[in-house]
Amino acid sequence: MIYLDNAATTYPKPEVVYESIMDCMKNYGANPGRAGHRLAMRAAREIYDTRENIAKLFNVDNPMNIILTTSATDSLNLAIKGCVQKGDHIITTSIEHNSVIRPIKSLEKYGIENTIVRCDKEGFLNTEDLKKAIKPNTKLIVTTHASNVCGTLVDIEEVGNIAKESNILYMIDASQTAGVYNIDVNKINVDMIAAAGHKGLMGPQGTGILYIREGISLEVLKEGGTGSRSEDLFQPELSPDKYESGTHNTPGIAGLNAGVKFILEQGIENIKKKEEKLCEYMLKELDKVPNIIIYGPKDSTKKTAVIPINIGDMDSGEVTYLLDEEYDIATRSGIHCSPLAHQTLGTLEQGCVRFSLGLFNTKEEIDKTIEALKEISLQNL
Ligand SMILES: Cc1ncc(COP(=O)(O)O)c(C=O)c1O
């Protein structure tokens, strides 16, 4: 199989990820932080080590400001709902995933308003429009780092500066970029970063992360056992315990740790370069497919390795089905949990076929995919 659905979940993972999960399950499967025996301590050490490695990746000084969650969705809900109150205003963009849009829209019923700044037809955010959307009660700006539909990158440095000038919190949804693009919290102004663990960070599903800048305290969505201050009937205030009630997904976190260590060893810049090159190659080759429509930027330095296409007016689901059934190529069609992004690109009706490339894809796989697309296109002219 040729796997080109890495924007949904990266696959395969580095071998060390599988090994770490199995090692945890078999050799130290105790409950971390809930007892003082050696196995529980070993599990707790793995969790701390994971925070340290994630902190290294984002240049975060204090690993205790890295919260381990179950998904990007979990992180985004905690951050968005935890930092606003009635009367506040949130700004976001029209290329966000539903994991950003839905929590924000749900807050309307509690008197928290929002503005969704429209991006251009290639998914680029005009920061002048963002500035115009700021109101006296704007509390939070949330933008993705890159669209999961067209890969378009947001200038997070500039948005961070705008937020800082107006004393507004800024959160990045780095689900599509964490582990591939460098984000240094000491160089850009960002208050929170949410990301999935199972995409560029190479961990298994059921993992996610949230960085919260020192000094920010969020309202929690869930309370419960933390293994700490057990005599207290109220949730502890200390991070990360405050945000991590319930037994951790230790095997998943061990896998995530192995994934992050792998990225640190490979070098994030090398990973980005490889994906960028593959994307550039595929964009060039796609031009040879009859009747092809490519959406979003054509410059691989302005986007992640995600390429949305259609073949004429063919149903995007049918193209994906044919690629899977007849050519063993995995892609994703439809709306990709981002209806506003599709509205922005003009593909809400037809949807599109999304090719999302990963570190382990090869030029040969791209060549086979282009041949398959040529055949499908010619058969449906
Ligand atoms: C940009 C973006 N944000 C959020 C998410 C949600 O991630 P998860 O499914 O891990 O909650 C995704 C997943 O596709 C995404 O691409």
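This is a predicted model: local features need pLDDT of at least 70, side-chain atom pairs count only at pLDDT 80 or more; totals for chains, interfaces and linings use all residues.
## Ligand site

An N or O atom in the Thr73 side chain lies 2.4 Å from a ligand oxygen. At Ala72, a polar backbone atom is 3.3 Å from an oxygen atom of the ligand. At Ser175, a side-chain N or O atom is 3.4 Å from a nitrogen atom of the ligand. On its own, the ligand has 390 Å² of accessible area, and the protein covers 88% of that.

## Aromatic pairs

The structure holds 2 aromatic pairs.

Tyr3 and Tyr11 make an edge-to-face pair. Tyr3 has a relative accessible area of 15%, so it counts as buried, the cut-off being under 20%. Tyr11, at 48% relative accessibility, is partly exposed.

Phe262 and Phe360 form a tilted pair, with 6.2 Å between centres and 50 degrees between planes. This pair links distant parts of the chain, 98 residues apart. Phe262 belongs to helix α7 (residues 250-266). Phe360 sits in the loop between β12 (353-356) and α11 (363-379). Phe262 is buried, with a relative accessible area of 14%. Phe360 is at 36% relative accessibility and counts as partly exposed.

## Charges over rings

Which residue lies over the face of Tyr28? Arg42 does, at 3.9 Å from the ring centre. Tyr281 also has a charge over its face: Lys363, at 4.7 Å from the ring centre.

## Lys277

Lys277 is part of helix α8, which spans residues 268-286. Is Lys277 buried or exposed? Its relative accessible area is 62%; exposed means over 50%, so Lys277 is exposed.

Lys277 can also be placed relative to Ala305. The two are 28 residues apart in sequence. In space, their C-alpha atoms are 8.8 Å apart.

Key. Residues are numbered from 1 along each chain as its sequence is written. Side-chain values use heavy atoms; hydrogens and water are left out. A polar contact is a pair of N or O atoms within 3.5 Å; within protein, one must be able to donate a hydrogen and the other to accept it, and residues adjacent in sequence count only if both atoms are side-chain atoms. Accessible areas come from the Shrake-Rupley method with a 1.4 Å probe; for residues, only the protein chains shown count as cover. Helices (H or I, at least four residues) and strands (E, at least two) are DSSP runs, numbered from the N terminus. Buried means under 20% relative accessible area, exposed over 50%, partly exposed in between (1.4 Å probe, protein chains only). Rings of Phe, Tyr and Trp (its six-membered ring) pair if their centres lie within 6.5 Å; planes under 30 degrees apart count as stacked, over 60 as edge-to-face and the rest as tilted. A charge sits over a ring if NZ of Lys or CZ of Arg is within 6 Å of the ring centre and within 35 degrees of the ring normal.
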